[in-house]
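This report describes one protein model for a reader new to structural terms. Please look at the sequence and the structure before reading on.

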Amino acid sequence: WTQVRGRLRKRFEFDDFVGAFGFLSRVALLAERSGHHPDWSNSYGTVEIDLRSHDVGGISARDFELAAAIDAAA
C-alpha cells in the first residue's frame, strides 16, 4: 500500500478476469462486514483499490485495518 493524495492505494494483478472478480467478491464481503467501502477499479486481471475515510477527510485506522484484511484475502 502506498499513500497517494490522502488515500491508501494498491494494485493487485491476477491471471485473468475470473481471478480478479473472485477477489473483488471477497473484498466486497469484507467491506460490508466492516461498514467501510473502498473505491476500486477493475480491468481484466487488474484491480486497483483506494481506501480513504470520508468522515475524517483522509486515512484512518479503519483504512489500515481493511488494507490488512484485503491483503489476507489476496
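Is Lys 10 buried, partly exposed or exposed? Lys 10 is partly exposed, with a relative accessible area of 25%; buried means under 20% relative accessible area, exposed over 50%, and partly exposed in between, with a 1.4 Å probe and protein chains only. The model is predicted: local features need pLDDT of at least 70 and side-chain atom pairs count only at pLDDT 80 or more, while totals for chains, interfaces and linings use all residues. Residues are numbered from 1 along each chain as its sequence is written, and side-chain values use heavy atoms, with hydrogens and water left out.

**Salt bridges**

A salt bridge is a side-chain nitrogen of Lys or Arg within 4 Å of a carboxyl oxygen of Asp or Glu. By this rule the model has 6 salt bridges. The table gives some of them.

| Pair | N to O distance |
|---|---|
| Lys 10 and Asp 71 | 2.9 Å |
| Arg 11 and Glu 13 | 2.7 Å |
| Asp 55 and Arg 62 | 2.7 Å |

Lys 10 belongs to strand β2 and Asp 71 to helix α2, so the pair ties together parts that are 61 residues apart in sequence. Helices (H or I, at least four residues) and strands (E, at least two) are DSSP runs, numbered from the N terminus. Asp 71 is partly exposed, at 32% relative accessibility. In another pair, Asp 55 is exposed at 61%, whereas Arg 62 is partly exposed at 33%. Arg 11, Glu 13 and Glu 48 are linked in a network of salt bridges.

**Strand β4 and its partners**

Two strands pair if DSSP finds at least two bridges between them. Strand β2 (residues 7-13) pairs with β4 in the antiparallel sense over 6 bridges, and strand β3 (residues 39-43) pairs with β4 in the antiparallel sense over 5 bridges. Thr 46 of β4 is the bridge partner of Glu 13 and also of Ser 43. The hairpin of β3 and β4 has 2 residues between the strands, and Tyr 44 in this hairpin takes a positive phi near 50 degrees. In β4 (residues 46-51), 5 of the 6 residues are buried, so the strand is largely enclosed by the rest of the structure.

**Helix α2**

Helix α2 (residues 61-73) has 13 residues, which should span 18 Å at 1.5 Å a residue; its end C-alpha atoms are 19 Å apart, which agrees. The expected span is 1.5 Å times one less than the number of residues. Asp 63, Leu 66, Ala 67, Ile 70 and Ala 73 are the buried residues of α2. Seen down the helix axis, these residues fall within an arc of 120 degrees, so they line one face of α2; the arc is that of the directions from the axis to the C-beta atoms. Glu 65 and Ala 72, on the other side, are exposed. The buried residues of α2 pack against β2, α1 (17-34) and β4, where contact means heavy atoms within 4.5 Å.

**The nonpolar core**

A nonpolar core is a set of buried Ala, Val, Leu, Ile, Met, Phe, Trp, Tyr and Cys residues joined through side-chain atoms within 4.5 Å. The largest has 14 residues, and those with the most contacts inside it include Phe 12, Phe 23 and Ile 70. At least two residues of this core come from each of β2, α1, β4 and α2, and α1 gives the most, with 5 residues. Not counting residues up to four places away in sequence, Phe 23 touches Phe 12, Phe 14, Val 47, Ile 49, Ile 70, Ala 73 and Ala 74.
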